[in-house]
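Good morning, and thank you for making time for this item.

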Amino acid sequence: MNVGGQHFRTIWLKPGDEAVVELIDQRWLPHRFVIEEVRSVAEMAAAIRDMHVRGAGLIGAASGYGMYLAAVEAARSGSNFDEELTTAAQTLKATRPTAVNLGWAVDRQLQAIREAGTISEKIASARDAAEQIALEDAEHCRSIGRHGAGLITQIAAKKNGAPVNVLTHCNAGWLAFVDYGSATSPIYAAHDSGVPVHVWVDETRPRSQGSKLTAWELGQHGVRHTVIADNAGGHLMQHGEVDLVIVGSDRTTYTGDVANKIGTYLKALAAHDNGVPFYVALPSSSFDWQARDGVRDIPIEQRGADEVKCADGWLDGRHAEVCITPADSPAANYGFDVTPHRLVTGLITERGICAANEQSILAMFPDHAR
Ligand code: MRU
């Protein structure tokens, strides 16, 4: 997508030095646009854990590149190649538990590396697999846009030129993937084809991915949007101000239960109560083909209490953090919640839109049927 008129992906190999991965360090957005150079698997693990990169698809792509860096490092160190790769896989997988794309990409890399012959073939294979994971992520997100734009266009046809109001939570935009995004991809596609769209952007405390990231990328693309406090969605739905909800997913069971950023479940309940369609956009890499019951089977990340107790932003041209709560008050920081499939109108995938139930999902992805 474009930043100041220039095309960027969120992660790429450094031109001229392919032992280095470059990525957009999202901690500084929207105030500064910083590109970070990552040279080792330890640095990539830190970038994922500390959320320089975040979002399910991008976490997957970053761990794919992380495994490639691990292969380069293992070859240089001269120690046991396979052992180093196994340790690297464990390190990466331990960074964030909820986004299933992480383990999916690491396992895909381990297989690609295992199947190659010599060490230099293994490095080449890991490089190709990392690039392929990133490319597929972008392509799948582009297809999600094509399929999902029809939903917005159908609503627009009934609104006599008034904008279609889409509510989204967190950032499932291009910053959460390699390009295009999942939840935002249909919005960009509809906007680009001339459909008037306006987006209600949930602020998404505590990390504020909505107000910091989604608002920024919609602005870069020229899409009308309004940032709202996290609790405003129900009120807007009661007053007919939301035509459609589209959110992303960090892990979706093969039965259609959706783990997404904390607060998504409450939006789904409000949408259900108000008859507002609630769609989840996800590439197939975000399905967990082993998990049946989302509430029981999906691990929910808990992060540090300081993210809740404090807030950060930009003050006088500098990054600043302030404390909000009484210093002694404990805080809990659950990163995700699970929306049961009965509250989900449909899933927008790279292959098309299906109902959020086992039968429809496996009909769309028969390659994963047991
Ligand atoms: O904690 P994050 O920022 O990595 O969370 C991911 C998200 O942005 C959301 O949950 C998103 O809607 C799904 S990821 C495409």
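The largest cavity has a volume of about 150 Å³. This is a predicted model, and in total it contains four cavities of 30 Å³ or more. Lining the largest one are 20 residues; those lying nearest its centre are R54, G55, C170, N171 and D250.

What takes up the space of the largest cavity? It is the ligand.

Let me turn to the surroundings of that ligand. There are 17 residues around it, and R54, R96, D250, N260 and K261 come nearest. Sorted by class, this shell comprises seven nonpolar, six polar and four charged residues. Both domains contribute: domain 1, spanning 2–136, and domain 2, spanning 147–368, each supply at least three residues to the shell.

In the side chain of N260, an N or O atom lies 2.6 Å from a ligand oxygen. For R96, the corresponding distance, again to an N or O atom of the side chain, is 2.8 Å.

How much of the ligand's exposed area does the protein bury? Taken alone, the ligand exposes 400 Å², and the protein buries 100% of that.

Note on methods
Residues numbered from 1 in each chain as written. Predicted model: local features only at pLDDT ≥ 70, side-chain atom pairs only at ≥ 80, totals over all residues. Heavy atoms only, no water. Near = heavy atom within 4 Å. Polar contact = N/O pair within 3.5 Å; in protein donor to acceptor, adjacent residues only side chain to side chain. Areas by Shrake-Rupley, 256 points an atom, 1.4 Å probe, with all protein chains shown as cover. 1 Å grid on protein atoms, 1.4 Å probe; cavity = no way out; pocket = protein on both sides within 12 Å on 5 of 7 lines; lining within 4 Å. Sits in = over half its atoms within 2 Å of the grid points. Nonpolar A, V, L, I, M, F, W, Y, C, P; charged D, E, K, R; others polar. Domains from an automatic or database assignment. Points joined across faces, edges and corners; volume = space filled by probe spheres on them.
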